[in-house]
Amino acid sequence: MKNYIPKIVLAAVLLGALSIPSFTPKYILHLVIYIMIISIAVMGLGILGVSGQISNAQGAFYGIGAYTSALFSVRMGVSFWASLLIVILFACVVGFVVGLPTIKVSGLYLIMTTLGVNEIIYLIMMNNITLTNGPQGVSRIPGPSLFGFTFKSMPSYFYLCYAFLLFFALLSIRIYRSRLGNYFIAVKNSEIASNMNGVNVVKTKLTAFMISAVYGGVAGALYSGYIGYIHPDNFKTDVSVLFLTMSIFGGQRSVVGMLCATTILTIATEYFRFIGEYRLIAYGLVLILGMIYMPEGIGGKFVQLKNLVKAGKQHDKG
Amino acid sequence: MRFGGLSALSKVSFEIREKELFSIIGPNGSGKSTMFNVITGVYTPTEGKVYLRGKDVTGLPPHKLNHLGMGRTFQNPRLFSDMTVLENVMVPLLARDKHYLAGELLSERSRRKNMERLRPAAMNALNVAGLKGKEDNPAGMLPYGDQKRLEIARCYAINPDVILLDEPAAGLNTDERDGINNLIRDINSRGVTVVLIEHDMKMVMGISNRIMVLNHGSAIAFGTPAEVSNDPAVIEAYLGVKEMDDE
């Protein structure tokens, strides 16, 4: 009977979440939707992190998703869902290209390389005016509709994002548990030993990069459909740093951990709005303290707690 | 297997016979590890060829060679330290057992089924390596001797044709050395060709069928342990020549 308790709790939380739009004020609901959207991008970084890679370009993939979806629907009248397919394909291609240098570089150099990539993509959004409207941004983005129903109201968008978040969270968990997850950890622990034990390291690393890019891209498409107006500044390097902080603070192996970290840091951002740009100092502090006191992130603490309970049970039996 | 050419190794050509225990010895910097890296595809030789069972495998990446039945261990154990002992051994088994990923992403049951299917081979390798009962331990927490055993188990799990062991006894105490010695003999007696790099001469002389001696990137001697240990060129390489003007 006891084994069912976590499942019942999980089901209760998932079902309970459905009632959020009915009682929360508009502003909070907006935050919740925003948290759900960026959680998808953060979970993408988690997949990358599990394979031993780090990217400071998730903000750019988020932007690519937002711009691709927005431009296709505004200029060519493509529906949100068709544009989503284009976003996924395009994110795969860009993820592949950006991932190529990672065959050779890792660690600090990878952080710098991806930072450069983010800057390049930002500059394209800003300066290629014919393609992206440049600093004017893209406005009047129609957003998704399904069978004649338009996801315009906030509660409806909440349910849409909820479905997406659930899907991508589940996908992450399946990836972590599958053999692909095993390859990721193997490559992270030792590339040469993985290679000598039959794992195609290059393919594995590129796969991680492409999956992570798709997560970022889909999150971006959801964002542009929600907010209706996008600007290059929404996808600058500080966004990438924020996403990276969230994923590391959450513990890149734990989907629940990353969701908690995204929620905590987003709410903190809102509360500390009054100190303006100094918030970034707070992120840095969170990252440093987190790495010192919980190197495995919030998710790592969950695992510790679980082991403690397990040990306690064994103690009771003994 | 034939090989020749590369600046760190020049004009070394040799053949390892099926099911033999072949050792490569030589002073530090003589090219032993380079030789391993060339054979296993980590380096592509600038000149020369590598053959596996008569097939030219020069330039194939390591993971493809592993799929063809070649395993390798490292001087310092390179384990997947975030995994359990069993998971370590499962990696090469999963990597060569293709076309199941989609199913595993879709259902937990399919993943379990795949794991159960491959588990016996992994458990067998752990049994052979004497790691039975430790399969759920985190690999990163194993004592050094067990880490060395786990590396051997990992490359034995795929039932390879040939395994290359890079100093498997380095850093071990006498008892552990004896254990590794027996393990290598055992694996060899199960029909696996073993190529060994080792500095422990007692061990090398005791278990090898044939030995190749490298010095400055070239092979200076070939033969059975007895032949090699009496070869003047080998004695010279290991002990140095007595200089004439000493007197």
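Trainee: How are α3(A) and α8(A) oriented to each other: roughly parallel, roughly antiparallel, roughly perpendicular or oblique?
Mentor: First, a heads-up: this is a predicted model, where local features need pLDDT of at least 70, side-chain atom pairs count only at pLDDT 80 or more, and totals for chains, interfaces and linings use all residues. Residues are numbered from 1 along each chain as its sequence is written, and chains are lettered from A and ligands numbered from 1 in the order in which they are written. The axes (lines fitted to C-alpha atoms, for helices over the stretch in contact, with angles from 0 to 180 degrees between N-to-C directions) of α3(A), residues 26-50, and α8(A), residues 154-177, cross at roughly 20° and come within 10 Å. Angles under 35 degrees count as roughly parallel, over 145 as roughly antiparallel, 65 to 115 as roughly perpendicular and the rest as oblique, so α3(A) and α8(A) are roughly parallel.

Trainee: In the contact of α3(A) with α8(A), how many residues are nonpolar?
Mentor: Ala, Val, Leu, Ile, Met, Phe, Trp, Tyr, Cys and Pro count as nonpolar, Asp, Glu, Lys and Arg as charged, and the others, Gly among them, as polar. This contact has 4 polar residues and 1 charged, and the nonpolar ones number 20.

Trainee: Which helix gives the most to the side of chain B that touches chain A?
Mentor: Being in contact takes C-beta atoms, placed from the backbone, within 7 Å, and 24 residues of chain B are in contact with 19 of chain A. On chain B's side, α2, α3 and α4 each supply at least two residues. With 7 residues, the top giver is α3(B).

Trainee: Which residue is the bridge partner of V213(B) in β8(B)?
Mentor: Strands pair if DSSP finds at least two bridges between them. Strands β7(B) and β8(B) run antiparallel, joined by 5 bridges. In β8(B), the partner of V213(B) is A221(B).

Definitions and conventions: Helices (H or I, at least four residues) and strands (E, at least two) are DSSP runs, numbered from the N terminus. Two residues are in contact if their C-beta atoms, placed from the backbone, lie within 7 Å.
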